[in-house]
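I am opening a notebook on this chain and will write down what I looked up, entry by entry. The structure itself comes before my notes.

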Amino acid sequence: KQKLAEDEQRKSALTSSADQIFRDKADFVAGNTKGNVTMVEFFDYNCGWCKKGFPEVMSLLQADKNLRFVLKEFPIFGDDSEYAAKAALASERQGKYWKLHLAMFSHAGKITKSTVDEIAAAQGIDMAKLKKDMADPAIEATLSRTRELAQSLAITGTPAFIIDEKLVPGYLPQADLADAIDEVAAQ
């Protein structure tokens with residue numbers, strides 16, 4: 001009964017929140033921005049399953065030139081994760097989101113506040129501007145919107161993927177993600 005209720009809640013939220021899920025201006029979009037299939041990922045830089053799936057998602061992006069990939073910062077593993085998400089969102093104001101995102105996911109081990117600062121500086125990010133931008137209430141508002149959206153979709157962990165109108169909570173191997181994308185593309 002609970003699973004059915006969650007599925008119904010997700011279905012309703014997917015429809016009513018489509019703009020926020022797929023077209024929130026605060027979210028970074030990678031891959032083909034005009035792609036025929038959209039995959040959304042809710043992630044945390046300190047999520048082991050997100051890190052495990054990262055190379056697989058990157059392979060999918062390289063292999064499927066019609067894939068539009070929306071990134072949702074969903075820091076659920078404490079203060080360090082929150083700091084990393086704010087830094088990533090703020091780095092977009094310097095045009096460095098993608099570089100920082102890739103570097104943080106490529107880092108072996110826990111992402112701490114000092115790790116974020118080291119990685120950001122190594123990406124050529126102006127740290128004074130980054131810190132100032134991280135304090136902007138708009139950054140916190142973006143994270144709050146994502147948290148509320150996740151709650152409405154009954155997403156409690158990371159990673160969580162939405163491929164068009166299909167929500168897939170948890171890690172999926174590359175082949176399974178590719179199958180879900182192909183299924184949507186064929187419709």
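**Entry: around helix α7.** I began in the interior, where I asked what covers the buried residues of α7, and found that the cover includes α4 (79-91), α6 (113-122) and α8 (137-152). I keep in mind throughout that I am reading a predicted model. Going back to the helix itself, I noted that α7 runs over residues 127-134 and that its buried residues are L130, D133 and M134. Looking down the axis of α7, I saw that these buried residues fall within an arc of 100°, so they line one face of the helix.

**Entry: the chain as a whole.** Next I stepped back and looked up the secondary structure, which comes to nine helices and five strands. Following the sequence, I read their order as α-α-β-β-α-β-α-α-α-α-α-β-β-α. The radius of gyration is 16 Å, close to the 16 Å that the globule rule gives for 187 residues, so I can call the chain as compact as a globular protein of that length. For the extent of the C-alpha trace along its principal axes, I wrote down about 45 × 35 × 30 Å. I also looked up burial, and 48% of the 187 residues count as buried. When I took the contacts between residues at least 6 apart in sequence, I found that 78% of them join residues at least 24 apart.

**Entry: surface and charge.** The chain exposes about 9,100 Å², and I noted that carbon and sulfur atoms supply 53% of that area. For the charged side chains I recorded 24 positive and 28 negative ones, with the centres of the two sets lying 3 Å apart.

**Entry: the loop between α8 and β4.** Which peptide bond is cis? I found that it joins T158 and P159, with omega about -10°. P159 is found in the loop between α8 and β4 (160-163), and T158 lies in that loop too. Is T158 buried or exposed? At 11% relative accessibility, T158 counts as buried. Leaving out residues up to four places away in sequence, I listed what T158 touches, namely F42, F43, D44, C47, W49, C50, F74, I76 and F77.

A154 also lies in the loop between α8 and β4, and I marked it for its positive phi of about 60°, although it is not a glycine. Its relative accessible area is 14%, and A154 is therefore buried. I then looked for A5, which is found in helix α1 (residues 2-16) and is partly exposed, with a relative accessible area of 47%. A5 and A154 are 149 residues apart in sequence, yet I found 9.9 Å between them in space, C-alpha to C-alpha.

**Entry: the loop between β4 and β5.** My last stop was D164, whose place is in the loop between β4 and β5 (166-169). Phi of D164 is near 50°, which is a positive value in a residue other than glycine. With 24% relative accessibility, D164 counts as partly exposed, whereas I had noted A154 as buried.

Terms used
Residues numbered from 1 in each chain as written. Predicted model: local features only at pLDDT ≥ 70, side-chain atom pairs only at ≥ 80, totals over all residues. Heavy atoms only, no water. Helix = DSSP H or I, 4+ residues; strand = E, 2+ residues; numbered from the N terminus. Rg over C-alpha atoms; globule rule 2.2 N^0.38 Å. Buried < 20%, exposed > 50% of the residue type's maximum accessible area, 1.4 Å probe, protein only. Contact = heavy atoms within 4.5 Å. Areas by Shrake-Rupley, 256 points an atom, 1.4 Å probe, with all protein chains shown as cover. Lys, Arg positive; Asp, Glu negative; His and termini not counted. Charge placed at Lys NZ, Arg CZ, Asp CG, Glu CD. Arc of directions from axis to C-beta.
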